[in-house]
Amino acid sequence: MSKKRQHGGSHPDIEDLLDIRSYAVELSTAHKIHKHWHDWHQLIYATRGVMTVNTATGSWVVPSRRAVWVPAGIEHEIEMSATVSVRTLYVRTSLSNLLPERCCVVNVSPLLRELILQTVDIGMLNRTVKTHKHLIDVILDQFRTLPTIPLSLPMPADVRALRVAEMVRGNPGDAKTLDQMAKEIGASKRTIERLFQTETEMTFGKWRQQLRMLHALRLLAAGEPVTTAALEVGYDSTSAFISAFKTTLGTTPGRYYAEAQAATKQ
């Protein structure tokens, strides 16, 4: 569906009685959900695989056992790397005004994981049902303390910086310097550096490193060896890539990939 609202399959009359809805689906490699938006907040959880959520302001890469929070009204599209098992909760906006106002990738605790899976098993939650009310309250408590992780890539708005960003995104391993890319689009290096700092709150170097790391996650999810992923995203040595990966995700690529493989067997 292109640039339209999705209802998640519930009948509008039934929706009026619900506070949290759920949706479960298995999506294949390279599957893409085109631009759309929802009236409800979303927590999109990947039990396996890696997905990328894109909006007009940035991208969020969601590895297995993490989730992305998408507030109501945000137009977004989703791309799959490898086979992805998706479990989504839709949350009525009136339930709480303390929920995140921006997209973010979050760690899913064992408790929240079980809450998501239990809600999926039930299908829909209604606060007028006593057992549902208790479950909703615990879910909301978990949402308010979601630990975010740095797996986002903000995009600059200025057309000159955006052109540079698209050049890098199209070829993450390209060794071109910022000076070379700036000249190609008719801007100065200093101007592009200033625009990235102002509009993404990241230096261009940090932004580029983040893009490479997020692309590497997608490659690892598709089964590429660590060495291949490192070279593909522009690292000269595997050790440098492993160090950067550990800084970002708190674990080595090999260990992360092993954990992701184990998760698919649970």
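**Salt bridges in the predicted model**

Glu-166 and Arg-169 are three residues apart in helix H4, so about one helical turn separates them. The model described here is predicted. Helix H4 spans residues 159-170, and Glu-166 is found within this helix. The side chains of Glu-166 and Arg-169 meet in a salt bridge, with an N to O distance of 3.1 Å. The two side chains are also joined by a polar contact of 3.1 Å.

Glu-166 has a relative accessible area of 38% and is partly exposed. Arg-169 is partly exposed as well, at 34%. These values fall between the cut-offs of 20% for buried and 50% for exposed. A further distance locates Glu-166 relative to Met-155. The two residues are 11 apart along the chain. Their C-alpha atoms are separated by 9.2 Å.

A search of the whole structure finds 11 salt bridges. One of these pairs is Lys-32 with Glu-77, whose side chains meet at 3.7 Å, N to O. Lys-32 is partly exposed, with a relative accessible area of 33%. Glu-77 has a relative accessibility of 14% and therefore counts as buried, because buried means under 20%.

Arg-127 and Asp-137 form another salt bridge. Their side chains meet at 3.1 Å, N to O. Arg-127 lies in the loop between strand E9 (124-125) and helix H3 (130-144). Asp-137 lies in helix H3 itself, so the pair ties together parts that are 10 residues apart in sequence. Arg-127 counts as partly exposed, at 27% relative accessibility. Asp-137 is also partly exposed, with a relative accessible area of 24%.

In summary, the pairs described join several kinds of position. Glu-166 and Arg-169 are both in helix H4. Arg-127 and Asp-137 connect a loop with helix H3.

Definitions and conventions:
Residues numbered from 1 in each chain as written. Predicted model: local features only at pLDDT ≥ 70, side-chain atom pairs only at ≥ 80, totals over all residues. Heavy atoms only, no water. Helix = DSSP H or I, 4+ residues; strand = E, 2+ residues; numbered from the N terminus. Buried < 20%, exposed > 50% of the residue type's maximum accessible area, 1.4 Å probe, protein only. Polar contact = N/O pair within 3.5 Å; in protein donor to acceptor, adjacent residues only side chain to side chain. Salt bridge = Lys/Arg side-chain N within 4 Å of Asp/Glu carboxyl O.
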